[in-house]
Amino acid sequence: MSPPGRPKGEYRSAQREGNPPTVVRRHDPLSSPIPLVLDSPHSGTEYPTDFDYLPSRAIVRQAEDTHVAELYAVAPEFGATLVEALFPRAYIDPNRHVADIDPQLLMDAWPGAVTPSRKTELWIGLVWRLAHGGAPMYARKLAVAQVQRRIADYYEPYQRNVAAALDERHRTFGAVWHINCHSMPAVGDVMSDDPGRARADFVLGDRDGSTCEPEFTAFIAATLTEMGYAVAINDPYKGVELVRRHGRPLERRHSLQIEVNRKLYMDEATLEKNRDFVLLQANLRRLLQAASAFVVHRI
């Protein structure tokens with residue numbers, strides 16, 4: 001929920017000095033609410049002034065899921081809620097566990113729990129150590145206080161906003177469906193588990209069936225397939241922290257990650273939309289309309 005006196009749908013961080021930036025934007029339903037919540041954790045393009053990265057901005061921006069929130073922006077028309085991060089994932093990644101810390105990135109020891117994941121092994125944990133292509137992200141190690149500030153001012157507000165939206169719908173309807181929205185390079189790179197391999201048009205991730213009812217995963221896959229897209233499930237992406245945290249099918253909380261191939265809508269080098277952007281956006285509108293009907297039928 002937005003703090004009192006601030007624009008609805010926006011959350012401003014509690015920075016210590018100056019005018020705090022808006023770090024999360026929530027788009028509420030424009031029609032009767034339904035228990036469908038989308039989130040776009042990696043589409044943020046507003047770079048904090050203290051993000052002292054070493055490579056060029058063009059290289060750092062390769063980490064973004066550029067334009068993804070725009071692709072799904074129609075969701076509120078169908079009664080769904082959309083939450084988007086406005087900050088870049090390379091600064092701090094809200095789709096990682098808060099303990100997914102890379103000790104080699106820090107000047108001194110982390111004071112809390114440290115449980116590096118496979119993502120940290122690929123140098124892209126909570127705070128990225130390397131940029132696209134393996135270039136070092138920083139000229140020097142970060143202070144613990146810098147990372148703690150990023151967690152408090154960016155990571156935690158995003159996590160709270162997603163959790164709040166899901167909890168609200170679950171309280172009202174007794175069930176909720178969550179779509180975690182991402183994009184992926186057309187070919188796996190050196191910072192992935194499938195370097196050099198061409199990807200499908202869409203990859204759906206439900207962590208091997210543990211975060212979402214199989215009916216919803218199958219329905220989304222079938223709908224996309226009927227549109228002519230190639231769809232893979234849990235290969236090479238199974239879903240990371242947000243679907244892991246919120247997907248509890250036994251409680252009627254269903255979380256599904258959707259990765260869309262960037263070649264379908266943009267030039268991967270320049271990040272500019274290509275001529276097929278409008279077509280993909282129209283097809284995602286059809287997908288969301290179908291998903292909304294599925295959710296309403298299930299309740």
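The model is a predicted one.

E6 pairs with two strands described here. With strand E7 (residues 231-233) the pairing is parallel and runs over 3 bridges; with strand E8 (residues 253-261) the pairing is antiparallel, through 4 bridges. Val-203 takes part on both sides: Val-203 stands opposite Ala-232 in E7 and opposite Glu-259 in E8.

## Leu-280 in helix H7

Leu-280 belongs to helix H7, which spans residues 277-298. Its relative accessibility is 1%, and because buried means under 20%, Leu-280 counts as buried.

Leaving aside neighbours within four places in sequence, Leu-280 is in contact with Leu-71, Phe-202, Tyr-229, Val-260, Leu-264 and Tyr-265. Tyr-265 lies 15 residues from Leu-280 along the chain, and the C-alpha atoms of the two are separated by 6.6 Å.

## Nonpolar cores

In soluble globular proteins, nonpolar side chains tend to be buried together. The largest nonpolar core in this model has 40 residues. Those with the most contacts inside this core are Phe-51, Ile-92, Val-127, Met-137, Val-147 and Tyr-158. Strand E2 (22-27), strand E4 (81-85) and helix H4 (144-173) are the elements that give two or more residues to this core. H4 gives the most, with 9 residues.

Another core lies apart from the largest one and has 39 residues, among them Ala-175, Met-227, Val-260 and Tyr-265. Val-260 and Tyr-265 are also among the contacts of Leu-280.

Val-127, one of the residues with the most contacts inside the largest core, touches Tyr-91, Ile-92, Leu-105, Tyr-138, Leu-142, Val-147 and Arg-150 when residues up to four places away in sequence are not counted.

Rolling a probe the size of a water molecule over the atoms shows where empty space is left. The structure holds 1 cavity of 30 Å³ or more. The largest cavity contains about 40 Å³ of space. The residues lining the largest cavity are Asp-100, Ile-101, Asp-102, Leu-105, Leu-106, Leu-126, Val-127 and Val-147. Of these lining residues, Leu-105 and Val-147 are among those that Val-127 touches.

Technical notes:
Residues are numbered from 1 along each chain as its sequence is written. This is a predicted model: local features need pLDDT of at least 70, side-chain atom pairs count only at pLDDT 80 or more; totals for chains, interfaces and linings use all residues. Side-chain values use heavy atoms; hydrogens and water are left out. Two strands pair if DSSP finds at least two bridges between them. A nonpolar core is a set of buried Ala, Val, Leu, Ile, Met, Phe, Trp, Tyr and Cys residues joined through side-chain atoms within 4.5 Å. Buried means under 20% relative accessible area, exposed over 50%, partly exposed in between (1.4 Å probe, protein chains only). Contact means heavy atoms within 4.5 Å. On a 1 Å grid over the protein atoms alone, a cavity is a set of points where a 1.4 Å probe fits but cannot get out, and a pocket is an open set with protein on both sides within 12 Å along at least five of seven lines; lining residues have an atom within 4 Å of a point. Grid points are joined across faces, edges and corners, and a volume is the space filled by probe spheres set on the points.
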